[in-house]
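This briefing goes through one chain by topic. Please keep the sequence and the 3D view open while reading.

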Amino acid sequence: MRRLFRRYRTDDEGSTTIEFVIVFPMIMWFVMTIFETGFIATRMVMLEHGLDMASREIRLGSTAVTTHEGLKFSICDNAGILVDCERDLILEVVEMDLASDYPANQPNCADRTGDIEPTINFTNGGRSRIMFIRACMIIDPLFPGHGITLGLTRDASDGLQLVAYSAFMNEPP
């Protein structure tokens with residue numbers, strides 16, 4: 001029995017497999033977290049770009065973005081890669097006073113588990129008025145319950161909330 005135990009103790013066959021089994025899950029977790037972070041960052045940048053381009057159209061007086069649906073279409077069109085953008089995007093446009101700051105309430109995001117849309121404010125605002133736009137988009141994570149997504153705000157359908165802000169002043173006529 002002692003000789004058998006000594007033989008197994010000195011035998012190094014399979015040591016690479018043990019190292020692989022220990023190290024591979026950590027490396028894959030790291031790679032998946034990096035990939036998920038890039039995925040979320042790309043979607044966020046595209047949402048902000050779409051919001052900036054749409055707010056520019058409003059600021060310059062484009063007639064295509066004077067309604068909630070027109071503004072939503074403009075953001076989704078300029079954002080490009082956002083999947084189900086028009087379904088999962090909720091906009092809030094409010095007029096700001098010069099003495100106040102951004103709205104203090106939490107962003108209104110779509111609830112994909114029900115048919116009821118949240119109450120939103122949409123005010124075109126007058127000329128030479130400061131306007132604040134808040135866009136909330138729900139996206140699905142690539143790897144749910146893993147890595148960076150564990151610390152992000154989620155909705156009831158386990159989607160991640162991406163929130164973009166913009167403020168502008170309506171140009172005078």
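Two residues are in contact when heavy atoms of the two lie within 4.5 Å. By that criterion, Ser-166 touches Leu-51, Asp-52, Ser-55, Met-131, Phe-132 and Ile-133, leaving aside residues up to four places away in sequence. The model is predicted. The chain has 4 helices and 3 strands, and along the sequence the pattern reads α-α-α-α-β-β-β.

**Chain overview**

- The chain has 173 residues, of which 32% count as buried.
- Among contacts in the chain with a separation of 6 or more, 74% come from residues 24 or more positions apart.

- Ser-166 is part of strand E3, which covers residues 160–169.
- Its relative accessibility is 9%, and Ser-166 therefore counts as buried, the cut-off being under 20%.
- Ile-133, one of the residues that Ser-166 touches, is 33 residues away along the chain, yet the C-alpha atoms of the two are separated by 5.1 Å.
- Leu-51, another residue touched by Ser-166, belongs to H2 and also takes part in the contact of H2 with H3.

**Packing of helices H2 and H3**

- Helix H2 spans residues 15–59 and helix H3 spans residues 68–79; their axes are 7 Å apart and the helices pack at an angle of about 130 degrees.
- H2 and H3 are therefore oblique to each other, because angles over 145 would be needed for roughly antiparallel and 65 to 115 for roughly perpendicular.
- The crossing of H2 past H3 is right-handed.
- On the H2 side the contact is made by Met-46, Leu-47, His-49, Gly-50, Leu-51, Met-53, Ala-54, Glu-57 and Ile-58, and on the H3 side by Leu-71, Ser-74, Ile-75, Asn-78 and Ala-79.
- By residue type, this contact of H2 with H3 comprises 9 nonpolar, 4 polar and 1 charged.

**Salt bridges**

- Side chains of opposite charge can pair when their charged atoms come close.
- The structure holds 3 salt bridges.
- One of them joins the side chains of Arg-87 and Asp-84, at 3.5 Å from N to O.
- Arg-87 also forms a salt bridge with Asp-88, where the closest N and O atoms are 2.8 Å apart.
- Arg-134 pairs with Glu-92 in a salt bridge whose closest N and O atoms are 2.8 Å apart.
- Through shared partners, salt bridges join Asp-84, Arg-87 and Asp-88 into one network.

**Exposure within the network**

- Arg-87 has a relative accessible area of 49%, so it is partly exposed, since exposed means over 50%.
- Asp-84 is partly exposed as well, with a relative accessible area of 43%.
- Asp-88 is buried, at a relative accessible area of 2%.

**Backbone at Asp-84**

- Where does Asp-84 lie? Its place is the loop between H3 and helix H4 (85–88).
- Asp-84 is not a glycine, yet its phi is positive, at about 50 degrees.

How values were computed: Residues are numbered from 1 along each chain as its sequence is written. This is a predicted model: local features need pLDDT of at least 70, side-chain atom pairs count only at pLDDT 80 or more; totals for chains, interfaces and linings use all residues. Side-chain values use heavy atoms; hydrogens and water are left out. A salt bridge is a side-chain nitrogen of Lys or Arg within 4 Å of a carboxyl oxygen of Asp or Glu. Buried means under 20% relative accessible area, exposed over 50%, partly exposed in between (1.4 Å probe, protein chains only). Axes are lines fitted to C-alpha atoms, for helices over the stretch in contact, and angles run from 0 to 180 degrees between N-to-C directions. Helices (H or I, at least four residues) and strands (E, at least two) are DSSP runs, numbered from the N terminus. Angles under 35 degrees count as roughly parallel, over 145 as roughly antiparallel, 65 to 115 as roughly perpendicular and the rest as oblique. A crossing is left-handed if the near helix is turned anticlockwise from the far one by less than a right angle, and right-handed if clockwise. Ala, Val, Leu, Ile, Met, Phe, Trp, Tyr, Cys and Pro count as nonpolar, Asp, Glu, Lys and Arg as charged, and the others, Gly among them, as polar.
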